[in-house]
Amino acid sequence: CRFALVGKAEPDGTVSSLACYPSEIDCAPHLQVRWDESSLGNGAAGKSIRTGKPVIMDIMGDPDFIPWREAAIASGFSMTAAFPLISRDKTIGFIGIYSDKADFFTEEIVKSLQTFAQQGASALENARLFTETERQLQHLHTLRSIDRAISGSLDLHVTLDILLEKIISQLKVDAAAVLLMEPGTGLLRYAAGQGLSIETLKDARVRPGEGGAGRAALEGHTVFMTDASGFEESPAAELMKKEGFASYIALPLIAKGHINGVLEIFNRAALQTDKVWLEFIESIAGQAAIAVDNATLFNSLERSHTELTMAYESTLEGWARALDLRDHETEGHCKRVAEMTVQLARAVGVSEEDLLHIR
């Protein structure tokens, strides 16, 4: 044969190129095909993918081949055939063959090419499964790294920096940021970011429903943005325009049924997302929500402990002052005794933790 190509059947009815040979022949005109019921789906490739059977066409005589006839004749082809790539009872693509001989596709040749197609389908499926397994392992490793960062530090800023670093490296995106919900006001404020060269977000306060982040927080679901004009008033839209970002995703950070903030992802090229990619980023958003919730809870406990300690001290000092009021000559006696007791306890090696109770 003169020319061969391999195409992949995409879910939206299009066919993408995997390989073609020889390289000096432009395969683009021959891959402007579909596998649905449209006019571009009635070529040999489209029919073979739909039916799961080999399809042979006369380039000059078959009316269904008109959209590609001119390019095929210019390359010197007269016959073409497509053989479906079938794996696990599902057609995943096709092998296209072009020849300059009218009698090329004999019964023997067709059987041989069907065998090649079967082997090709198995090889492609094995490669896909291997790549998918590697990707899942990498995702698990990333999630584990983030989990260690969350469990190993209660410093929210450290945790968020690690989280954003993993997002950028693993998802191959240009920038990411986290906005947290301000207690009381309900506004989203900038907490951490990486890959952003301007200060647009750092002083931003986003209201629920405003822009992509505001919508994600208000509606509780992921928001995609590929056109900044749809969110002209938001900081994210301003970022997209100034830094040339083409894709944006905002994911709500939800823990225990409450939205704590929003994870924003920016990329200068269109993001190629699939189900596995989306599940992975949603898992990361879930971990980020847990990290924020843990840090918030810890800070709240620390604050409560400090307030309780201060209240304890104030209560004891109040009792001491009440005792002093009984006799003006001994005013301040309780406080002086407490201070001397602490000095003596420290001198004999009592720990700082126990000094509080001794005082």
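Which residues form a nonpolar patch on the surface? The patch consists of Tyr312, Leu316, Trp319 and Leu356, which together have about 390 Å² of accessible area. Patches of this kind are built from residues with over 30% relative accessible area and no salt bridge, with nonpolar side chains (Val, Leu, Ile, Met, Phe, Trp, Tyr) joined within 5 Å and like charges within 9 Å. Accessible areas follow the Shrake-Rupley method with a 1.4 Å probe, and for residues only the protein chains shown count as cover. Helix α7 (residues 275-324) gives the largest share of the nonpolar patch, 3 residues. Leu316 lies in helix α7 and counts as partly exposed because its relative accessibility is 30%.

The model is predicted, so local features need pLDDT of at least 70 and side-chain atom pairs count only at pLDDT 80 or more, while totals for chains, interfaces and linings use all residues. Residues are numbered from 1 along each chain as its sequence is written, and side-chain values use heavy atoms, with hydrogens and water left out.

Turning to the chain as a whole, its secondary structure comes to 9 helices and 11 strands. Helices (H or I, at least four residues) and strands (E, at least two) are DSSP runs, numbered from the N terminus. Of the 359 residues in the chain, 38% are buried; buried means under 20% relative accessible area, exposed means over 50%, and partly exposed lies in between (1.4 Å probe, protein chains only). The chain exposes about 20,300 Å², and carbon and sulfur atoms supply 55% of that area. Among contacts (heavy atoms within 4.5 Å) with a separation of 6 or more, 51% involve residues 24 or more positions apart.

An open sheet of 6 strands runs in the order β8-β7-β6-β11-β10-β9, with antiparallel pairing; two strands pair if DSSP finds at least two bridges between them. At the edges are β8 (205-206) and β9 (223-225), each of which pairs on one side only. Strands β10 (residues 247-255) and β11 (residues 258-267) are joined by 9 bridges and run antiparallel. Ile249 has Ile265 in β11 as its bridge partner. Helix α4 (residues 156-171) packs on the sheet, where it touches β6 (175-181), β7 (188-194) and β11, and its direction makes about 60° with that of β7. Helix α6 (residues 235-243) also packs on the sheet, touching β8, β9, β10 and β11, and its direction makes about 10° with that of β11. For these angles, axes are lines fitted to C-alpha atoms, for helices over the stretch in contact, and values run from 0 to 180 degrees between N-to-C directions.

Charged pairs complete the picture. Side chains of opposite charge can pair when their charged atoms come close. The whole structure holds 10 salt bridges, each a side-chain nitrogen of Lys or Arg within 4 Å of a carboxyl oxygen of Asp or Glu. One of them joins Arg2 and Asp100 (3.3 Å, N to O). Arg2 lies in the segment before β1 (3-9) and Asp100 in the loop between β5 (90-99) and α3 (107-152), so this pair ties together parts that are 98 residues apart in sequence. Arg2 is partly exposed at 35% relative accessibility, as is Asp100 at 37%. Asp64 forms a salt bridge with Lys47, the closest N and O atoms being 2.6 Å apart. Asp64 is in the loop between β3 (55-58) and α2 (66-74) and Lys47 in helix α1 (residues 44-51), so parts 17 residues apart in sequence are tied together.
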